[in-house]
Amino acid sequence: MIKRKKNKKEENPFYDPSLKNRHKSSRRFKLFTLGSLVFSIAFLAFFLTDIVTKGSPAFKQAYLLVDVTYNETSIKNYRKSIDRKYTGVVSRAWIREVPNMIEKDPSLMGKTISTWVLADDQVDQYLKGHYYKLKRKDRIIVDDLKAENKAQLQFNKLFFENGDSKTPEYAGFKSAIIGSVLTLLITMLVAFPIGVMTAIYLEEFAEDNKFTQIIEVNINNLAAIPSILFGLLGLAIFISLFGLPRSSPLVGGLTLALMTLPIIIVSARAALRSVPDSIRQAGYGLGLTKIQVTRDHVLPLAFPGIMTGSIIGLAQAMGETAPLIIVGMIAFIPDAPSSVTQAATVMPAQIFTWAGMPERMYIEKTAAGIIVLLSVLISLNTLAIYLRKKFEVKW
């Protein structure tokens, strides 16, 4: 009988025949994980590119240079402040402001001035090369003005100066921005101190018994339930029970505070837990009380981590829409609120409203609103990363 010559691998007593297949499986798994990463990055790049492409035109607005007459007739009938042939191409919302302009500046009375007037939304879409519904005679007028350099796309400052409007070209994001600021201010003032104090009690002072275990389980469960349930809770407690004004930043901020509390508590406890016990033991060795050790040593060392978790929690709250819809913060708000008890809307709710509007111009305004919201969220997350890196203590 002829014996088969063994190769070097088979002569090795530690040789495992399944090693080759295991290496193949490892390479396949590596390729799958790399493919998922590439797919995620590609999807994110496509999403951001699409949003920026659609939203960037909203930061430009069409204006027409026409003669505007300021007199008694214009006050009684604002439509007569411009030549009749331009009534189909200029914004009615802008022309309605002519009497207010005369009231603010009486020196305009009796004058006819060539003014850059806000164009109608269809003219705006026409000049941008988008889909439009513009009559032929109006298109000829716009083309003539464009040939004379009297039709231009200028920076859309109205987007940051006006609130919502039923007229697309006059609609702005200001009321939503201020509403978001006031709502987040209430959320921060309520959720941050309560969340941090709760975390300090549970981590530093509370005994490990059934009562604290039940509290911990409920906190972890609250951090995972759908946000719309917090909206129902806010509607039942703050509006129905306490009678707080509906659609106000006060109610919206308190509702978001309920939703953010579990996140702040969990992150604050993790930050407190990261402080070594040697810090506490050194304080006790010097004769300090538990309160002094926690207040003067543990809390300052854990504060950067607490701030990071709190900022991320507030950033998540800023992007919420469902709970605020339940408490009425999706109302039509043309004027920015001046207090936390006035009716207001927030950026996500305003974006949601614009997304359902039939006019084509709201498509780019929706995308522009998303760009503003993403910019704020990215700024908050960048701030959280900066604070974590700057004040991070490595033990």
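**Sheet, cavity and annotated spans in a predicted model**

Colleague: Over how many bridges do S1 and S2 pair in the antiparallel sense?

Modeller: This is a predicted model, in which local features need pLDDT of at least 70 and side-chain atom pairs count only at pLDDT 80 or more, while totals for chains, interfaces and linings use all residues. Residues are numbered from 1 along each chain as its sequence is written, and side-chain values use heavy atoms, with hydrogens and water left out. Strands (E, at least two residues) and helices (H or I, at least four) are DSSP runs numbered from the N terminus, and two strands pair if DSSP finds at least two bridges between them. Aspartate 67 has serine 114 in S2 as its bridge partner, and the antiparallel pairing of S1 with S2 runs over 8 bridges.

Colleague: Which helix gives the most to the lining of the largest cavity?

Modeller: A cavity is a set of points on a 1 Å grid over the protein atoms alone where a 1.4 Å probe fits but cannot get out, and lining residues have an atom within 4 Å of a point. The search of the whole structure finds 1 cavity of 30 Å³ or more, and the largest holds about 40 Å³ of space, a volume being the space filled by probe spheres set on points joined across faces, edges and corners. Its lining includes Ser180, Thr183, Leu184 and Glu320. Helix H9 (174–205) and helix H14 (290–318) each supply at least two lining residues, and the helix that gives the most, with 3 residues, is H9.

Colleague: How far apart are the end C-alpha atoms of residues 250–272?

Modeller: The unreviewed UniProt entry places the feature "transmembrane region" at spans including 29–48 and 250–272, although such annotations may be inferred rather than shown by experiment. Residues 29–48 are 100% helix and 0% strand, with end C-alpha atoms 29 Å apart. Residues 250–272 are likewise 100% helix and 0% strand, and their end C-alpha atoms lie apart by 30 Å.

Technical notes
1 Å grid on protein atoms, 1.4 Å probe; cavity = no way out; pocket = protein on both sides within 12 Å on 5 of 7 lines; lining within 4 Å.
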